[in-house]
Amino acid sequence: MRRLFFATLLISTAAIAYEVLLMRMLSIVQWHHFAYMIISLALLGYGASGTFIAIAKRWLQPRFELFFSVGGLLFSATMIASFILAQRVPFNALDIVWNPRQFFYLAITYLIFSVPFFFAACCIGLAFTCRRSCISRIYFFDLLGAGIGAMSIVGLLFLLSVQQTLVMLACLGLTASALMGMASSARKPLIAVQLACLATLLFGLPQGWLELRISEYKGLSQAMQVVGSRVLTVSSSPLGLLTVVESPRVPFRYAPGLSINTRFEPPEQLAVFTDGDSMTAITRFDGNLDALGYMGDVTTALPYALLHEPHVLILGAGGGADVLLALYNGASKIDAVELNPQMTKLVTDTYADFAGHLYDDDRITVHSQEARGFVARSKVQYDLIQVALLDSFAASGSGMQALNESYLYTVEAIQEYLQHIAPGGMLAITRWLKLPPRDNLKLVATVVQALQEIGVAEPRRQLAMIRSWNTSTLLVKQGEFSGDDIAVIIEFARARSFDTAFYPSMPPGAANRFNRLDQAFLFDGITALLGEDADDFVARYKFDITPATDDKPYFFHFFKWNALPEVMALRKRGGASLIEWSYLILIATIAQATVAGVFLILLPLSLTKRSWPPGTVTRTGGYFFLLGLAFLFIEMAFIQKFILFLSHPLYAVAVVLSGFLVFAGFGSAYSDRLVQRLKQNKISPVSIVVAGISVFTILYVALLPMLFQQLMGLADSTKIVLSIILIAPLAFCMGMPFPIGLTRVANSAPDFIPWAWGINGFASVISASLATLLAIEFGFTTVVLFALGFYAGAAAIIRNTLE
């Protein structure tokens with residue numbers, strides 16, 4: 001049994017780590033939002049394994065050790081094979097709007113990636129089925145291994161490349177196979193195959209097979225099409241794959257919002273791409289500020305025309321362009337915040353000579369932290385807080401960011417920024433200009449709500465916006481703009497042929513003068529958002545420009561269902577950019593997951609021979625279905641809740657996921673003892689556990705925001721420990737309902753165990769994408785309330801059926 005427990009732990013460790021690895025891989029070769037597809041397809045494999053075990057149980061059970069070993073072996077092999085094959089499917093996410101064939105390619109990719117998880121889940125499911133007396137302990141090691149995998153993969157990706165990590169995880173699967181193969185009757189042939197697989201993994205894989213094939217539509221791929229361009233360095237971590245590119249024959253000229261009137265040319269630049277896109281630039285600098293003349297002719301320079309030698313906070317330093325902008329425009333002191341320390345290292349070390357040792361300047365302090373976390377901890381009052389242009393124009397315009405959470409642009413974020421701005425100081429946010437306007441207006445709506453909530457009676461007196469041909473810069477002043485301020489804004493814009501989009505008391509005729517559009521979209525929109533009928537304007541607008549909040553942090557989500565027919569009609573006439581295709585992929589993922597789950601899990605299960613009482617499938621199956629939905633709903637919602645507290649999305653995923661899984665494992669191990677204690681009193685253990693889940697969840701939803709606000713300034717290590725302590729009691733309770741129910745099934749209808757495993761897996765397949773959809777539309781609090789409803793339903797079922 002010890003061998004089984006350890007093999008189960010290794011399989012679970014490798015499976016969850018492989019799941020996170022695939023998220024990273026698809027973020028690089030495609031885009032971030034495929035993470036939801038990965039979670040669903042992983043759980044599809046788990047659900048399908050239950051179907052397979054139910055059908056082949058009589059053949060598998062006498063040969064348990066053999067097939068566990070074979071499952072581990074195939075898990076290891078298909079990890080590599082699916083990684084290679086899926087990248088060769090001609091799926092193009094940008095083409096999905098007008099090419100129905102892409103949905104077929106999406107489904108093929110989906111199924112290929114689910115195969116390794118199928119074999120991993122077969123190992124775990126076989127253990128449940130063939131060793132029924134140890135269900136709670138097997139579930140404990142399953143969850144413990146998953147928790148270890150979630151935490152360890154983060155560390156591995158700091159040390160190893162994606163490909164090296166993949167090989168290491170495949171070796172874990174082989175180790176589990178070898179452990180169980182020792183007790184098999186086919187031990188010698190298994191050892192031979194295992195050694196051959198190990199040799200292939202370590203020495204026999206051609207380097208080109210595991211190469212990441214980045215989409216040809218990402219910025220890096222397009223940059224490499226330029227004659228003479230070449231990659232200088234590549235560095236990888238869980239925070240992103242950084243690729244530095246040089247293009248001597250056709251130089252990079254990265255200067256968003258540059259005036260068409262400028263007399264200056266940007267110096268030589270190196271492009272830095274994060275995950276193949278989201279370009280920033282490292283600019284050649286020799287200490288001569290006169291060479292940076294173009295930095296006075298961009299929209300982001302506007303606040304410097306209004307402030308004298310400001311103390312500046314830059315959120316999103318990237319390659320240092322905004323730091324140079326601040327220096328050129330007379331900043332007296334600069335705090336630059338950058339999430340990825342490897343990005344900072346490029347400027348301070350790898351290309352320090354090229355960048356002129358920029359960060360050695362005594363006026364500049366660089367902080368490797370997440371922006372919201374840094375602001376919350378800071379005690380400094382700044383003259384200017386500048387939120388840098390962090391995404392690429394292509395990414396912003398394609399609609400692929402619709403599923404990306406961003407806590408930089410929420411109502412609560414704006415309020416935090418304003419609390420750290422000195423009287424007379426300013427908040428400056430620059431965004432790409434898209435037509436019809438979306439994020440520009442959503443940003444204004446968010447700022448207006450933030451100001452109103454802190455008691456500003458007339459937000460219009462504190463707002464100003466200018467635009468170039470491709471960017472807009474919004475200023476929010478800590479105080480009202482004076483007549484002199486407005487005069488400076490007007491002259492700054494006129495001299496550079498920028499358009500004034502809004503300032504206090506601006507006449508309609510002052511808009512849309514230089515970079516002319518069909519109409520003054522921004523002026524009309526901002527005026528409406530500041531008027532008495534703002535709510536009606538937001539409701540009627542073609543895109544969703546409702547203010548983003550920490551509970552609904554999807555700032556880049558603009559999709560409205562009632563606009564879909566009109567937008568689809570325009571898709572072949574240049575209107576494809578109006579469609580948020582990442583949102584459509586989420587819908588397609590839910591639909592495909594449901595169909596695949598029905599055909600691969602529920603339909604085959606319905607054809608198997610049944611030897612249990614009537615109604616078991618609907619009632620007991622319903623219990624495991626609701627558990628599958630509820631567990632993942634709460635898990636995903638709390639990952640989002642803890643991102644703000646831990647000030648780092650990477651820490652949040654690792655800490656919350658591993659915390660939930662490990663302590664749920666401890667709950668599973670304790671479940672048998674709880675059942676025995678409550679048996680004499682005829683009290684339903686699941687009802688007690690669900691009551692505990694409900695109490696902890698409601699308390700957390702109500703109190704965590706206030707608690708996090710008070711504790712945000714603590715050190716990261718302290719906050720990680722506190723997070724685990726907070727997660728532990730809820731996760732401990734959440735780990736009990738599944739093994740309690742499965743143990744009852746083992747005693748009353750043992751042949752239903754594979755059904756329970758498969759139905760739970762089917763629910764989990766759709767829950768990841770469904771939870772995301774609900775969070776986008778209604779917020780994370782709604783997702784949590786749905787989860788509590790599911791748990792309550794499960795408790796009612798087990799009280800009336802299994803007990």
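**Sheet, cores and a lone glutamate**

Eight strands make up an open sheet with mixed pairing, running in the order E7-E6-E5-E8-E9-E11-E10-E12. Keep in mind that this is a predicted model.

Trainee: Which are the edge strands of that sheet?
Mentor: Look for strands that pair on one side only. Those are strand E7 (364-367) and strand E12 (499-502).

Trainee: Moving on to the cores, where does the largest share of the largest nonpolar core come from?
Mentor: That core has 166 residues, and Tyr18, Phe128, Phe638 and Phe642 have the most contacts inside it. The largest share is 19 residues, and it comes from H21.

Trainee: How many residues are in the second, separate core?
Mentor: Tyr409, Val444, Val447 and Leu474 are included in this one. Its total is 103 residues.

Trainee: Back in H21, how far from Glu635 is the nearest side chain of opposite charge?
Mentor: Glu635 lies in helix H21, residues 616-646. Leaving out residues up to four places away in sequence, Glu635 touches Val656, Leu657, Phe660 and Leu661. Glu635 is buried and has no salt bridge; the nearest side chain of opposite charge is Lys641, away by 16 Å.

Trainee: Which residues is Phe638 in contact with, leaving aside neighbours within four places in sequence?
Mentor: Phe638 is among the residues with the most contacts inside the largest core. Its contacts beyond those neighbours are Val656, Phe660, Thr697, Tyr700, Leu704, Leu730 and Val784.

Trainee: Why does Phe103 count as partly exposed?
Mentor: Phe103 lies in helix H4, residues 101-130. Buried would need under 20% relative accessible area, and exposed would need over 50%. Phe103 counts as partly exposed because its relative accessibility is 31%.

Conventions
Residues numbered from 1 in each chain as written. Predicted model: local features only at pLDDT ≥ 70, side-chain atom pairs only at ≥ 80, totals over all residues. Heavy atoms only, no water. Helix = DSSP H or I, 4+ residues; strand = E, 2+ residues; numbered from the N terminus. Buried < 20%, exposed > 50% of the residue type's maximum accessible area, 1.4 Å probe, protein only. Lys, Arg positive; Asp, Glu negative; His and termini not counted. Salt bridge = Lys/Arg side-chain N within 4 Å of Asp/Glu carboxyl O. Contact = heavy atoms within 4.5 Å. Core = buried A, V, L, I, M, F, W, Y, C linked by side-chain atoms within 4.5 Å. Pairing = 2+ DSSP bridges.
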